[in-house]
Amino acid sequence: MPPDTYVTSHIHVDGPIPGPHSLLTLASAAHNADGVLLTTFTANLRELPGATLHPIALQSWRNRAEDWLSTRRATRPPAIAMTAYARWIAQLPGRPVLVADPEAQDYLFLYWYLQRFTGQWPFARTSTDPDVRERLPYTPMCTLAGCRAPLARTS
């Protein structure tokens with residue numbers, strides 16, 4: 001069996017659920033079992049047609065106007081961004097494992113967007129094991145000034 005490659009992700013959204021609200025940014029890092037960073041993927045996505053900015057998200061983004069503007073730079077249509085993301089995952093060595101925090105929105109949005117725009121879930125499995133998350137190094141993936149939190153701890 002090929003070794004696992006662990007993928008941590010960090011997202012920004014404009015509401016609590018996908019569909020009525022949009023995935024705005026996606027950043028992922030792939031690590032081997034020893035925690036060595038292999039490669040990264042980042043994308044800013046266009047809002048979904050007809051989606052709206054949730055009032056609570058609006059308040060949050062108002063306090064971070066520069067971050068909001070950063071999420072809107074060089075945006076790609078969701079289908080193009082998610083197809084590129086699925087290709088990136090397919091090219092990883094070993095079996096790709098999404099490392100997810102069960103309390104975060106990352107899994108929900110990633111699953112919905114990948115199914116909606118690529119028709120697949122490209123991960124071999126998903127790990128919610130906190131020991132796996134703890135074993136991965138801090139990888140500062142978030143490019144927004146307001147979230148400089150380490151990726152492995154926020155996804």
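## Close-up views of a predicted model

**View 1. The largest pocket and its lining.** Thirteen residues, or 13 in figures, line the largest pocket, and those lying nearest its centre are Thr-25, Ala-27, Thr-42, Asn-44 and Thr-143. (On a 1 Å grid over the protein atoms alone, a pocket is an open set of points where a 1.4 Å probe fits, with protein on both sides within 12 Å along at least five of seven lines; lining residues have an atom within 4 Å of a point.) The space inside comes to about 170 Å³, a volume being the space filled by probe spheres set on the points, which are joined across faces, edges and corners. Strands β1 (4–13), β2 and β3 each give at least two residues to this lining. By class, the lining has six nonpolar, seven polar and no charged residues (Ala, Val, Leu, Ile, Met, Phe, Trp, Tyr, Cys and Pro count as nonpolar, Asp, Glu, Lys and Arg as charged, and the others, Gly among them, as polar).

Before you move on, two notes on the model. This is a predicted model, in which local features need pLDDT of at least 70 and side-chain atom pairs pLDDT 80 or more, while totals for chains, interfaces and linings use all residues. Residues are numbered from 1 along each chain as its sequence is written, and side-chain values use heavy atoms, leaving out hydrogens and water.

View 2. Six strands form an open sheet in the order β4-β3-β2-β1-β5-β6, with mixed pairing. (Strands are DSSP runs of E, at least two residues, and helices runs of H or I, at least four, numbered from the N terminus; two strands pair if DSSP finds at least two bridges between them.) At the edges sit β4 and β6 (125–127), each pairing on one side only.

**View 3. Strand β3 and its two partners.** Antiparallel strands β2 (residues 23–31) and β3 (residues 37–45) are joined by seven bridges; Ala-30 has Thr-39 of β3 as its bridge partner. Five residues lie between the strands of this hairpin, where Gly-35 takes a positive phi near 85°. With β4 (residues 75–76), β3 runs parallel through two bridges, and Asn-44 is partnered by Thr-75.

**View 4. Helix α3 against helix α4.** The axes of α3 (residues 78–90) and α4 (residues 106–118) come within 9 Å and cross at roughly 105°, axes being lines fitted to C-alpha atoms, for helices over the stretch in contact, with angles from 0 to 180 degrees between N-to-C directions. Therefore α3 is roughly perpendicular to α4 (65 to 115 degrees).

Key. Angles under 35 degrees count as roughly parallel, over 145 as roughly antiparallel, 65 to 115 as roughly perpendicular and the rest as oblique.
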